[in-house]
Amino acid sequence: MTDALRIETLAQALAEGGIERLVGVPDSTLPGLGEAWASTGREHLVAANEGSAVAIAAGLAMGGRPAAVYLQNTGLGVALDAFGSLLGPDVLGIPTLWVVGWRGHPDLHDVAHHRWHGEWTEVLCAQAGLDPIRVPTEVDALRRVVVTAGHRLGERSSALLVSPKTFVNTPAPGRRGFGRAEALRILVEALDPPTRLVVGVGYAGRELAQLRSQRRAQLPDSRDPAVDDVLASGGMGHAASLALGLAAAEPGRRVVCIDGDGAAVMHLGAALVVAHRAPPSFVHVILDNGCHESVGGTPTPLVGTDVVALGRALGYRRVVSVADGPALRHALADNAPGPTLLHVAVVAHVDPVPPRPPARPDRPTTPRRHVVGPRLFTPGPGRSSLPLHPTLGVETGSRSPAMTRCTAAVRRALVTMVADKHYTCVPLAGSATTALDAILGSILPRSSRILVVVAGRYGQRIATVAARWGHDVVVLDGSRERPVTPQQLEAALADAHPVDWLSFVHGETSTGVLHPVAPLAAVAQRHSIPIVLDAVGTIGISELHLPALGVDLAFGSGAKGLEGPAGLGLVWARTSRLCNAPAGPSTTLDVAAQWRRLEQDGQFPFTPPTLALRGLEAALEQLAAEGGPTAREARYRRIGQSLIDRLAPAGLRPVIEPAARMPLVLVMEHRHGPVAPLVEALRRDGIELYPAADGRDDRLRIGLVGVTDDDADALVRRVTARAAALSR
């Protein structure tokens, strides 16, 4: 992660993305966003709560004013309720853009209630239909991501997830006056046991814990009143309702709820219920400093409101407003029956900011849940990106019009990506090896003479499968650490003459070697030899144009660089090859027969892997939104180089030279010896990667399929820690 950015960068990027209004609830992860937005000359509105913010944004969008909603993820449930009820595809169908402060980020230490929300943030957004987008921590990348999300607002909903400490938090200057800590001290002195205190505002809970700790030190033998305190600092405005329930359950004890002005506004309706149902001894204290202090200092909607009149209108029997210590003591000494609303005006930004109270020993920390599974640094498939998850969770009829449309869209996009109108794409249920099996068994003429370039496990697999189909296989055995050269290929073709077909792996994921596809294809074209290209490790990443290369047949997978789910092998073929293909001995591997059926009515001859097809359709849409294979290759290269640089101190170095290194996978050598202990230790940490496939026990592979900057940061941290421990 880079040094923290200024929040103005985010505000400017939102404006560049076409956002005209900003509405939401302040968050400490987004410090000063409202003020930064106001500096762009556009309107900013603080809502009562997250659900209200979503509704306001919907109204603005209906009126032709694109708006973004900002919130903390602890209010995500409230926001999603409004989103599903008002804006979802089955209701108004209005796309929205959210900026979500990601408290409790899975890779960072945080308090329990933030951590709980943090673990579910991505999943909830994805399942609700909001594409979760992790906001980068580098200026140019952040601008690009945010502007793109704004421009696509008319098409889909997105949630920009902002990790803690991404932005600089410049605290407001300290002020003097009657502050929150002094008000709490008076409350504690006047309301000691048997009164129960329910504190629902962040800083007040911290300061109450400090006061209790100080009193324990002064009176070590006395009963600790803190055991009766309820610190609901993450209660999101629900402290008053919690206190009401407690008062109803313990009618013999006085209950005092201490709220902040922001929290009180969030659920003003709860105050209405408290006013009418709380017992006469109930006291509802609002510490009003005029701002959301613990989340950036934005003014609250309570500023300028006649709180006494509001309290009476809500139905509190007794309403008092004070602004200094003597007045507060006098109000607390008055035992007139309530329920009472006690409004205490205090100054904001009183130094110092109180620390969080220590965790209570009687409440052990629950173990971390892996909501979206381990981090996968495997050569593929990787962990499916969360925007794909909604498509993977709902089955579609295999013969339905929706499935026919999906299949056609997938085939069309895959042909457009690498070929022209003279080619077609046939998806097959299975893996990339299924596609290879189908090509060699149903398209190539029987007993063809095939020269196979072998530079790793997958080149050897081509040779093995070809031999099993009865083809005459000649192997050009290349290096596992550098690509085969055109000169080597020329010599091999001369030695093996005549040759009917050439086959080689573009990106050998077992070794990380990237073959120079254009120079090798040029050699084959000079000899009029057609090519079967293994594009499994490069499709969706490298720019390929099969017609220009003279590649008649290619195969790949819906996973790996396309970042879709596993379950689909893909065959690209020059259409004339399928028209002339012999009838093969296999029914399910007959590519030409499946192609004819797809061309006839858009249907598969057998039940297709519907979820994999729908997931691949969503993945192809994401690839296009990212900028296509060129942009994806740039991302893989950038993250890969970052890992090379940052893992060097841990004793890992790349085996393949930069010019011959494929983007999708890094093969790294460990100078401290065998990698098996490191791989196993990382697996226990929730990080999955594999040893190398070249027979060396001191090498491992780091796959970059679907890997994010956050994933890379986590890998570096864990490898650094584990490698240091294992080297001792």
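**Figure 1. Helices α10, α11 and α12 and strand β10 around the largest cavity of this predicted model.** Helix α10 (261-266), helix α11 (268-277), strand β10 (283-288) and helix α12 (307-314) each supply at least two residues of the lining. The space inside the largest cavity comes to about 120 Å³. Counting cavities of 30 Å³ or more gives three for the model.

**Figure 2. Strand β24 and its burial.** Strand β24 covers residues 568-574. Of its seven residues, six are buried, so the strand is largely enclosed by the rest of the structure. Buried here stands for under 20% relative accessible area.

**Figure 3. Pairing of strand β24 with β16 and β23.** Strand β16 (residues 423-429) pairs with β24 in the antiparallel sense, over seven bridges. In this pairing, L428 is placed opposite G569 of β24. Strand β23 (residues 551-557) also pairs with β24 in the antiparallel sense, here over five bridges. F555 is placed opposite V571 of β24. In a regular strand, side chains alternate between the two faces of the sheet.

Figure 4. The relative accessibility of L86 is 32%, so L86 counts as partly exposed. The partly exposed class lies between the buried limit of 20% and the exposed limit of 50%.

Note on methods. Residues numbered from 1 in each chain as written. Predicted model: local features only at pLDDT ≥ 70, side-chain atom pairs only at ≥ 80, totals over all residues. Heavy atoms only, no water. Buried < 20%, exposed > 50% of the residue type's maximum accessible area, 1.4 Å probe, protein only. Helix = DSSP H or I, 4+ residues; strand = E, 2+ residues; numbered from the N terminus. Pairing = 2+ DSSP bridges. 1 Å grid on protein atoms, 1.4 Å probe; cavity = no way out; pocket = protein on both sides within 12 Å on 5 of 7 lines; lining within 4 Å. Points joined across faces, edges and corners; volume = space filled by probe spheres on them.
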